[in-house]
Amino acid sequence: METADQRLKRLRIDLLNGLSSGVIADLVDEMQGAEVINTSESENILQANSTTKNKARDLIDTVSRKGAKASEKFIQSLNRADKELCGKLGLDLAETDASTAVPKQAPPTPAGIGSAVPTTSTQPTPVIPVSDEWITPCRQQHYDEISQKTSEVYEILLKHTRKRLALLINNIEFENPNMKRRGAEVDEEQMQKLLNGFGYEVEKHNNLTAEGMKEALTVFSNREEHMQSDSTFVVLMSHGLRDQICGIHHNENRQDTLHIDNVFNILNNKNCKGLRGKPKVIIIQACRGTNPGHAYVSDSATPEAYTDYEEEGPFYQVHKESDFICFCSTTPENVSLRHVQKGSIFIQNLVDVMRQNAANCDVEEIFFKVQQSFQNFTRQLPVKERSTLLKKFYLFPGI
């Protein structure tokens, strides 16, 4: 039986000639809402293409490359947007294999958001359920083959014996109300959902001062569960300076910042015995300067202004300990963009790439794919900081 992606490829020319600009815009919104395409891909389809046919070509090719399930969602959306075209091309729902469709998962409700009062509880947040379809599971054969290379790959403990922990700090509300990071709650939802899906119990904090962030990191580093873990993730999201992360009291007249070196010092081999020799992934969403990464050039004669984006604020770090890898949302001296409703481009792309590729790729390969996803979004480029991983780190989702 012909799969949905094969059907899209076969009817590609007819779709290019049949899709209208309004239908394309509706399809892009629905595909992003269904997590078929990410924010960067959506922006590129609508703004980097000057003609309706080019937009249609970009959209169809992007979706069909993602496989049968993604293509089936596209066909379902197209039926709602232009039933007449679907009937003409034989793409009406009666002609498609609906058994391959995956119901859209309702977004989880974020916890602990909306208050400027610092949250200092060390209790883990409730695990957000994740379906097997949202994160592509690793094949047992792949795991058996890769995990045997013990000199090249970090050991992954069995699911029933390990206790994985992750730390997520997200500063949204600041003492200065003009510094509120609108849309950051979306990043928080998605990162927690992703980490839960990889088997990590997430300890989450919102709206901390610099001292509060340092204390949360210290308490986390001393958690006994690390002795039974094989790795950790630490996610920090806030405004930033070149080498510092801003606490909620920071403003132009008062400094409230945590130096990035503290993150690595607290979690290094000397101070965090439970994670000694285990991969520690640091992910930071914050600006590192005030410069744009590059001038964005559109083929359109009247490109849309980026009125829905805000800039974070910057930083840079140096770490000397082993088994670290740090992935930053932007290059030094440059801004990091966050959509006021959809969240940051970096976090949304990172989540999308990780959930689709962790089944086969190690963390460094995944980060490279995230960087590639920014090729057509030249205002920002994520960067992998100096890595001291001594082996390859695979997450093996589902194992």
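What is the mean pLDDT of the protein chain, and what share of its residues reach 70 or more?

1. Confidence. The mean pLDDT (the predictor's confidence in each residue, from 0 to 100) of the protein chain is 83, and 81% of its residues reach 70 or more. This is a predicted model, in which local features need pLDDT of at least 70 and side-chain atom pairs count only at pLDDT 80 or more, whereas totals for chains, interfaces and linings use all residues. Residues are numbered from 1 along each chain as its sequence is written, and side-chain values use heavy atoms, with hydrogens and water left out.

2. Regions to read with caution. Where pLDDT is low, the predicted coordinates should not be read in detail.

3. The largest core. A nonpolar core is a set of buried Ala, Val, Leu, Ile, Met, Phe, Trp, Tyr and Cys residues joined through side-chain atoms within 4.5 Å; buried means under 20% relative accessible area, with a 1.4 Å probe and protein chains only. The largest such core has 46 residues, and those with the most contacts inside it are M191, F233, I283, L350 and F393. Helix α12 (residues 345–357) supplies the largest share of this core, seven residues. Apart from this core lies another, of 27 residues, among them L19, I24, I75 and L91.

4. F233 and F393. The structure holds seven aromatic pairs. Rings of Phe, Tyr and Trp (its six-membered ring) pair if their centres lie within 6.5 Å; planes under 30 degrees apart count as stacked, over 60 as edge-to-face and the rest as tilted. F233 and F393 form a tilted pair, 6.4 Å centre to centre with 45° between the planes. F233 lies in strand β3 (residues 232–237) and F393 in the segment after β14 (383–384), so the pair ties together parts 160 residues apart in sequence. Helices (H or I, at least four residues) and strands (E, at least two) are DSSP runs, numbered from the N terminus. F233 is buried at 1% relative accessibility, and F393 is buried with a relative accessible area of 1%.

5. F264 and F324. The ring centres of F264 and F324 are 5.0 Å apart and their planes lie at 70°, so the pair is edge-to-face. F264 belongs to helix α11 (residues 260–267) and F324 to strand β10 (residues 324–328), 60 residues apart.

Key
Buried < 20%, exposed > 50% of the residue type's maximum accessible area, 1.4 Å probe, protein only.
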